[in-house]
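Here is a friendly walk through one protein model, from its sheet to its helix packing. Have the structure open beside you as you read.

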Amino acid sequence: MAEAQIILSHSRESGIVGLASGEQYKWAHTALAESGFQRGEAGAWHLPVGDTGTTVLDLVRCAQRHRTSVHTSSRRFIGDVASDLARQLPGRWEASVELYSHPAWQEDLVPWIWDGGELGRALQNERIPYAAILTDTVHDTTLLFVERPGSHLDYLVGAFAPEGFEEGGYGDPHAPHSIVLPPYPGRAAQALTDRYLPAYDRAVHARRTAAIAAALDEIRSEYETWQAMVASGRYSDATPLDAAALGTAVEEFLDQSWHRFLPVLDHAPALLNECRPARSPWPEDAAALSRLTDAVLDARALLEGVLQRSLTLQERRARAWPAIETWLTDGERLLRQARLSAPHPRPALPVAAPARSLTAGARPAPHGH
């Protein structure tokens, strides 16, 4: 493959669109600019509508001088495809385009994708020079939408890691699996609404539950170790623990516990909102969930004070532990409720959308060629 390429596609709004790719993508930029293309949003170049002075053949000749190859896509511009899909989805969705002109930009994307399926593998093993981003602004969900490698029609869609899950990324065992979308916006929207988004929401719910369970297990284990150390008056290596060392050990334990507790602050509000103890085998858990909610509110207010630097370190240590201790006491009740509950459903498609092809009129019509 050449070090610089230009991929041409057709846009309903912009006419012929040129996308640069390759390690020397700037050569492609030069060829596009010299051929009369104008750079637009997200770095995509377009030939102004009504421009009859430039032909694709002119671009090919110019690109050859700049050691750049030119390829014509059989699909419409991915920005148009994504916008058509976003309009079909229930709720409030926005579509935008991202270019990964240099291969390293695509590699930078891999850790942020929360996927255990074909999309995650494709990002690691196939060249994907551009994509569309679909964002649900109500539910704060961000999806990656790409042309399926090896297919002339289908698309792939998967998710970016939700806030608080960035350390997981590709390979997280809780991650949902990307799905293949057909080249029709109505049917693609139906597949997303009926299959992918419910699976994604269940995966988020399971991942939140696992994150809280892991955080509480770590704090509980460290608490038991600390209690044993205080009771014995010695460190784990049998070194005597004097009064000054005990004070330092307490501070270290409180600091570490607070750090371990932060994922609970990220994920607990959503889980608490989804639990319905009255419908469970343990309706008496309602009182414990109320205490946990109060503890989270107190701790989140405390975190805000820390971020605004309105609290001293000593104040944070003194005020954080009661909230953490409440979660150590009652946290298992939240976990058993969460494991029985399900995420609130998203809006459904009101009616079946028309099956208009996403690829209709895909090939650009060159001017004078």
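## Before we start

A word on angles: axes are lines fitted to C-alpha atoms, for helices over the stretch in contact, and angles run from 0 to 180 degrees between N-to-C directions. Please keep in mind that this is a predicted model.

## Helices H1 and H2

With that in hand, look at helix H1 (residues 25-34) and helix H2 (residues 56-65), which pack at an angle of about 140° with their axes 9 Å apart. Angles over 145 would count as roughly antiparallel; H1 and H2 are therefore oblique to each other. The crossing of H1 past H2 is right-handed.

Which residues meet between H1 and H2? From H1 come Ala31, Leu32 and Glu34, and from H2 come Leu59, Cys62, Ala63 and Arg65. Sorted by class, this contact of H1 with H2 holds 5 nonpolar and 2 charged residues, with no polar ones.

Next comes an open sheet of 5 strands, ordered S3-S4-S2-S1-S5, with mixed pairing. Strand S3 (38-39) and strand S5 (69-76) are at the edges, each with a single partner strand, so one side of each is left without a neighbour in the sheet. Further in, strand S1 (residues 5-11) pairs with strand S2 (residues 15-21) in the antiparallel sense, over 7 bridges.

H1 lies across S1, S2, S3 and strand S4 (45-46), and runs at about 155° to S2. H2 lies across S1, S2 and S5, and runs at about 165° to S1.

## Helix H6 and its partners

Now move along to helix H6 (residues 185-232), which packs with helix H3 (residues 78-88) at an angle of about 60°, their axes 9 Å apart. H3 and H6 are therefore oblique to each other, and H3 passes H6 in a right-handed crossing. On the H3 side the contact is made by Asp84, Leu85 and Gln88, and on the H6 side by Pro185, Gly186, Ala188, Ala189 and Leu192. The contact of H3 with H6 divides by class into 5 nonpolar, 2 polar and 1 charged residues.

H6 also meets helix H9 (residues 313-340): the axes of H6 and H9 come within 10 Å and cross at roughly 140°. That angle makes H6 oblique to H9, and H6 passes H9 in a left-handed crossing. Contact residues of H6 include His205, Ile212, Leu216 and Tyr223, while those of H9 include Trp321, Trp327, Leu328 and Arg339. By class, the contact of H6 with H9 has 12 nonpolar, 3 polar and 4 charged residues.

Finally, a look at confidence. The protein averages a pLDDT of 89, and 89% of the residues score at least 70. Where does pLDDT stay under 50? That happens over residues 360-369, for which the model has 28 contacts beyond four places in sequence. Where pLDDT is low, the predicted coordinates should not be read in detail.

Notes: Residues numbered from 1 in each chain as written. Predicted model: local features only at pLDDT ≥ 70, side-chain atom pairs only at ≥ 80, totals over all residues. Heavy atoms only, no water. Helix = DSSP H or I, 4+ residues; strand = E, 2+ residues; numbered from the N terminus. Parallel < 35°, antiparallel > 145°, perpendicular 65-115°, else oblique. Left-handed = near helix turned anticlockwise from the far one by under 90°. Contact = heavy atoms within 4.5 Å. Nonpolar A, V, L, I, M, F, W, Y, C, P; charged D, E, K, R; others polar. Pairing = 2+ DSSP bridges. pLDDT = per-residue confidence, 0-100.
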